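Reader: I would like to learn how to read the features of a model. Please take me through them one by one.

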Amino acid sequence: MNHAVRQPLLSVEWWNDYFGEDGGWESNRGRVQTRAFVKAFCTRSRLDRHAPSTILDASCALGDAMPVLRRHFPNATLFGNDFSDVAVRRSRERYGTLAEFSVRAMDDIDGTYDLVYSSATLEHFIDSEQLARTLLSHSQHLAVVVPYNEQRHGQDLECFPPESDHVRTFREHSFDFLLDERLARRVEASRPFRVPGAWSWTPRQRVVQTAKNAARWALGRPLVHEKTMILFEIENATA
C-alpha cells in the first residue's frame, strides 16, 4: 500500500483502535451507517438480484453489510476485505457463516468478482481515482457509494490540506474518466439521495435545521445544507 498518500488518521493503528470493542466505530453509529448505505444501494441498484454469483465488500468495516447483501442477492457468495485486522476478526466472529473475510487493503485485492461494492470509503483517499481503477480491474461491476458534493467553506475538499478524514469531493461525472480510459463501458450515477439518521438529517433534525436556516437567512449567515450520498454503478469494459 502507498502510505505516502494516506493521512495519519487513517493508519492501520488508528483504525484498529477505532474498530475495537471499546472504539469509536460503534459509538459513532458506524454499524447503523453501514446498514443504511447498503440498503440504499440495494434499493437503487439496477443489477438483477440473481446476476452476481460473487460479491466483495471492499473495506467492509465490521461486516454489517453482509446480512443485507445476503437478503438482496440470495444466490451470491459473499466476501469482505478490510485492511484492519481487528475489523476482520470481529467480522468473522459475527458474520463468518455469511461471508469469507480477509485482511487486505483496497489496493491489494486479489481475485475477480461479479460485483465489488465500496461504500463511504473512497472519499477518504487522495488517490481515489487510482483505487477506482484497481477495484474495477477486479470486478465485472463496481458499485461505489460516496458523499455527494461534500464541501468545506464552499470549496471542494481537495482545495484544503488533508486535515480531516474526508479529502475528495464527488459529483455526477467524477468517474467518467474510466470511460475516457476505456476501462468501463458504462458509468451511471444515481440522483443524490438522503440517508436519514446515518448521513442525512432525521425528520426531527430536518425540522430543527429548517428553523435554524430561517434564522441564518434573516441574519445574513450561510445556510446549512443537508448531506446526501450518490451511487455510481460502473460496468467493466470487458464485461
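Reader: In which loop does Arg 182 lie?

Author: This is a predicted model, where local features need pLDDT of at least 70, side-chain atom pairs count only at pLDDT 80 or more, and totals for chains, interfaces and linings use all residues. Residues are numbered from 1 along each chain as its sequence is written, and side-chain values use heavy atoms, with hydrogens and water left out. Helices (H or I, at least four residues) and strands (E, at least two) are DSSP runs, numbered from the N terminus. Arg 182 lies in the loop between H7 and strand E8 (184-189).

Reader: What is phi of Arg 182 near?

Author: The general idea comes first. Most residues other than glycine have a negative phi. Phi of Arg 182 is near 60°, a positive value in a residue other than glycine. Arg 29 also has a positive phi, about 65°, and is not a glycine. Arg 29 lies in the loop between helix H2 (24-27) and helix H3 (30-44).

Reader: Is Arg 182 buried or exposed?

Author: Buried means under 20% relative accessible area, exposed over 50%, and partly exposed in between (1.4 Å probe, protein chains only). Arg 182 has a relative accessible area of 73%, so it is exposed. Arg 29, with 42%, is partly exposed.

Reader: How many helices and strands does the chain have?

Author: The chain has eight helices and nine strands. Buried residues make up 50% of its 239 residues.

Reader: Which radius of gyration would a compact globule with 239 residues have?

Author: The radius is taken over C-alpha atoms, and the globule rule is 2.2 Å times the number of residues to the power 0.38. For 239 residues a compact globule would be near 18 Å, and the chain agrees, with 18 Å. The C-alpha trace spans about 55 × 45 × 40 Å along its principal axes.

Reader: How many aromatic pairs does a search of the whole structure find?

Author: Rings of Phe, Tyr and Trp (its six-membered ring) pair if their centres lie within 6.5 Å; planes under 30 degrees apart count as stacked, over 60 as edge-to-face and the rest as tilted. The search finds 14 aromatic pairs. Trp 14 and Trp 15 have ring centres 4.8 Å apart and planes at 85°, so this pair is edge-to-face. Trp 14 is partly exposed because its relative accessibility is 31%. Trp 15, at 10%, counts as buried.

Reader: Over the face of which residue does Arg 44 lie?

Author: A charge sits over a ring if NZ of Lys or CZ of Arg is within 6 Å of the ring centre and within 35 degrees of the ring normal. Arg 44 lies over the face of Phe 193, at 4.0 Å from the ring centre. The charged end of Arg 152 sits over the ring of Phe 160, 5.0 Å from its centre.

Reader: Where does Thr 169 lie?

Author: Thr 169 is in the loop between strand E7 (155-156) and helix H7 (177-180). Its relative accessible area is 6%, so Thr 169 is buried.

Reader: Which backbone atoms lie 2.6 Å and 2.9 Å from a polar atom of the Thr 169 side chain?

Author: A polar atom of that side chain lies 2.6 Å from the backbone oxygen of Glu 150. The backbone nitrogen of Leu 157 lies 2.9 Å from a polar atom of the Thr 169 side chain.

Terms used. Polar contact = N/O pair within 3.5 Å; in protein donor to acceptor, adjacent residues only side chain to side chain.
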